Amino acid sequence: MASEKEEFVTKQYVPTGEPLVKNGHVTIYRVRCMKEPGRPEALLKLYHNKNVYKLYNRMMNLDYTEWPHIHNVKYFDGNTLVVEDYLKGYTIQEIMDGKRKAKAKYSEAEASKIMDRVCEAVKAINDIQPELVHGNLKKSNIFITNGGHVKFLDFEPADPKRPRFNLLEFLGKLFHELLTGKEPKGKISYQGNYKKVIEKCLEKNPDKQYSNIRELKEDIEEVKVEIDETAEAETEEDDEDSEVRTVGIPYVLTLPFQGTILGIEWLLFSFFIQKNMMQSAGLFGGIFVVHLLVFIWRRAVFLRKENVHLDGFKLLFPIALFILILVVIYLGVGALIVPIT
């Protein structure tokens, strides 16, 4: 008759291959949950010579989303067996190793989103009463699923013999690494929008450091709002600029309308001056100049009122084209019309 341990490993949770991990600390198998609906895949973790049954049994009953769903937990012969969901994604350690290899890093928006979710997950665990401590928190134990959810792996009870773990300092270093690809060595190298947040996390004076994870999360969100508001204001300004540049100019102030009238006046001026009829040429030349100045003044007043700022090309090209047309008219009158008359 099979022992309870053999029943557990060979009939309830059946390994689908060789161990994924095998060392002095833990052996991990990918298994099939034979007695659960749909026979889902899971991970069976055998913690060698370690009794974490009480901790994982409590986590199984709490079933928070901040760690993988635990299907079962058993304690056999000084070893703890934990069966938990098989997650798809990567640990932050794996992600950062890949980023460094590719000489890449996260943008501020991406890094702040990850940190916000990590802080939210930490806060959720810290709020559990009685207290639930993750005594083994590190980058390789923070998992980002393909859906972007944060899960903490490989919980251990706090070890009173170890130095007290400074969670806020750890999160500050993590934030710095997400933003720069490197852990801070002494003075931080990051100089962006979240610099003060990281500095406060790494502050050696406890009175100047964040007092809790909630304050850190609020500051991250506050900086994000400031960045979004600045970007929104710049977008609105760009939209306004785009809008005023395409503002509808009254037809009487357009170059086609006024240009046609000015062209006729110039045509008459060109005709009379080339016929040496100076009195008439002076009259139409004067009308042309006054009309041109009034048109320029009225158009400038309108554009200034509508806050339209034309770039050099849009300002100079119509003028150059208008002058070219006037030259063509003048030469055409001299070459074609005057000889005929």
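1. The side chain of E156 makes a polar contact with the side chain of K50, at 3.0 Å. A polar contact is a pair of N or O atoms within 3.5 Å; within protein, one must be able to donate a hydrogen and the other to accept it, and residues adjacent in sequence count only if both atoms are side-chain atoms.

2. This is a predicted model: local features need pLDDT of at least 70, side-chain atom pairs count only at pLDDT 80 or more, and totals for chains, interfaces and linings use all residues. Residues are numbered from 1 along each chain as its sequence is written, and side-chain values use heavy atoms, with hydrogens and water left out.

3. E156 is buried, because its relative accessibility is 11% (buried means under 20% relative accessible area, with a 1.4 Å probe and protein chains only). Leaving aside residues up to four places away in sequence, E156 touches H25, K50, L55, V133, H134, G135, N136 and R162 (contact: heavy atoms within 4.5 Å).

4. The whole structure holds zero disulfides (a disulfide is a pair of cysteine sulfur atoms within 2.5 Å). C119 is in none; its nearest cysteine sulfur, that of C201, is 7.4 Å away. C119 is buried, at 0% relative accessible area. C201 is buried too, at 1%.

5. In α4, residues including M115, C119 and V122 meet α5 residues, among them L171, F175 and L178. (Helices are DSSP runs of H or I, at least four residues, numbered from the N terminus.)

Technical notes:
Buried < 20%, exposed > 50% of the residue type's maximum accessible area, 1.4 Å probe, protein only. Helix = DSSP H or I, 4+ residues; strand = E, 2+ residues; numbered from the N terminus.
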